[in-house]
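User: I'd like to learn how to read pockets and strands in a model like this one. Can you walk me through it?

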Amino acid sequence: MFSKEESRQIKQLFWTSFGKSFPTKWILYNTKIKGFSFKFYFDNKSAHVSLDLEDDLENRINYWEKLQQVKSILTTDFLPDAIFEEEYYLDNGKEISRIYVPLGYKVSIHNKNTWQEVMVFLNEKMSAFEAFYYEYEDFIKA
């Protein structure tokens with residue numbers, strides 16, 4: 001078991017190592033669309049990459065509908081294992097809409113033996129998400 005401080009340090013080391021191993025300038029929060037962001041996630045049980053819609057309900061619905069129109073393209077050409085959840089609840093109870101790709105098996109940020117495979121997964125899936133976004137950015141923003 002790790003103390004909170006040890007856990008924080010391990011997480012920081014993972015993300016620093018990931019940045020050094022894959023020195024990419026990710027779009028993440030800088031999509032220039034309010035409430036439309038890409039996220040990496042890795043904790044004690046799982047890892048995933050997601051596209052989160054967190055703005056007010058009207059904007060969430062608007063962007064969700066646009067993403068539904070290109071869903072087949074996203075799942076055919078970019079991320080066949082993407083999961084679409086129009087109503088997704090965060091741990092804090094906030095409702096968002098999310099499209100995400102889970103790693104598919106249990107991993108832990110506290111187990112350094114899984115770090116490399118998680119880094120490769122995060123890099124591949126976020127690259128695919130970003131390629132999709134850049135291809136359909138004008139459509140999504142319209």
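Analyst: Let's start with the largest pocket, which has a volume of about 240 Å³. This is a predicted model, where local features need pLDDT of at least 70, side-chain atom pairs count only at pLDDT 80 or more, and totals for chains, interfaces and linings use all residues. Residues are numbered from 1 along each chain as its sequence is written, and side-chain values use heavy atoms, with hydrogens and water left out.

User: Which residues line the largest pocket?

Analyst: Rolling a probe the size of a water molecule over the atoms shows where empty space is left. Here the lining includes Lys 39, His 48, Asp 52, Tyr 88 and Arg 98. By class, the lining has five nonpolar, two polar and five charged residues. β1, β2 and β3 (83-89) each give two or more residues to it.

User: Is β2 buried or exposed?

Analyst: Buried means under 20% relative accessible area, exposed over 50%, with partly exposed in between (1.4 Å probe, protein chains only). Seven of the seven residues of β2 are buried, so β2 is largely enclosed by the rest of the structure. Ala 47, Val 49, Leu 51 and Leu 53 point one way, while His 48, Ser 50 and Asp 52 point the other.

User: Which strands pair with β2?

Analyst: Two strands pair if DSSP finds at least two bridges between them. β1 runs antiparallel to β2, joined by seven bridges, and the two form a hairpin with four residues between them. Phe 42 stands opposite Ala 47 there. β4 also pairs with β2 in the antiparallel sense, over six bridges, and Val 49 has Val 101 of β4 as its bridge partner.

Methods
1 Å grid on protein atoms, 1.4 Å probe; cavity = no way out; pocket = protein on both sides within 12 Å on 5 of 7 lines; lining within 4 Å. Points joined across faces, edges and corners; volume = space filled by probe spheres on them. Nonpolar A, V, L, I, M, F, W, Y, C, P; charged D, E, K, R; others polar.
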